[in-house]
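Please look at the sequence and the model first.

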Amino acid sequence: MSKESAISEILGTVKKQLLDLGQQVQRRDGWDLSLPVAIVDARKAKAKTSAPKFHVSPIGTIGNVLRISTTCDHPLMRKLFELYQDRGDDEALSFMMNGEDAEEFSDLFSEYQKERKNGQMVWGAADASAFVTKSRDCFDDREIAVAILHTGSSGQHELTTCGVPFSF
């Protein structure tokens, strides 16, 4: 299944909640940091063990729901995330742990693991800032900004953001 199809399927499972949120957002006069956005946690739903969890958060406090990492934006971590897509988890991590920046990366990765305690999903400050901007653009386009936590085709947890029309 393509990523787009998987995201569409996830959104379909929370259609009622999105409609309710769309009606709420549609009544707003303008965008501000209190604008509600949707967070859908479908990481366990892919295995059909449970329905996706649907959260609503003001965009200005999104960091209370999706923890902002101090390590994700580091170039070595960005390189690891790219390698995950191309090589898979084990090979990517081995490559980074044995590369020319192995010592720096090892310290950085250790800190990243601490940030992700209990399997909590984290994102970088740059991604969080981009989502704030996306929420403004979505509002202007009569859409709800949505962040979706899901399991990608490689088995890695991923975070995808999108806009969904108010009348989804």
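**Nonpolar cores**

In this predicted model, the largest nonpolar core has 31 residues, of which Leu11, Leu18, Val37, Phe131, Val146 and Ile148 touch the most other members. A nonpolar core is a set of buried Ala, Val, Leu, Ile, Met, Phe, Trp, Tyr and Cys residues joined through side-chain atoms within 4.5 Å; buried means under 20% relative accessible area with a 1.4 Å probe, protein chains only.

- Two or more residues each come from helix 1 (3–13), helix 2 (15–26), strand 1 (36–41), helix 6 (125–140), strand 5 (143–151) and strand 6 (157–165).
- Strand 5 gives the most to this core, six residues.
- Another core of 13 residues lies apart from it, including Cys72, Leu80, Leu108 and Val122.
- Beyond its neighbours within four places in sequence, valine 37 is in contact (heavy atoms within 4.5 Å) with residues including Leu21, His55, Ile62, Phe131 and Ala145.

**Fold and size**

- The protein has six helices and six strands, where helices (H or I, at least four residues) and strands (E, at least two) are DSSP runs numbered from the N terminus.
- From the N terminus, the order is α-α-β-β-β-α-α-α-β-α-β-β.
- The C-alpha atoms fill a box of roughly 55 × 35 × 25 Å along the principal axes.
- Of the 168 residues, 38% count as buried.

**Basis of the values**

- Residues are numbered from 1 along each chain as its sequence is written, and side-chain values use heavy atoms, without hydrogens and water.
- Local features need pLDDT of at least 70 and side-chain atom pairs count only at pLDDT 80 or more, while totals for chains, interfaces and linings use all residues.

How values were computed: Buried means under 20% relative accessible area, exposed over 50%, partly exposed in between (1.4 Å probe, protein chains only).
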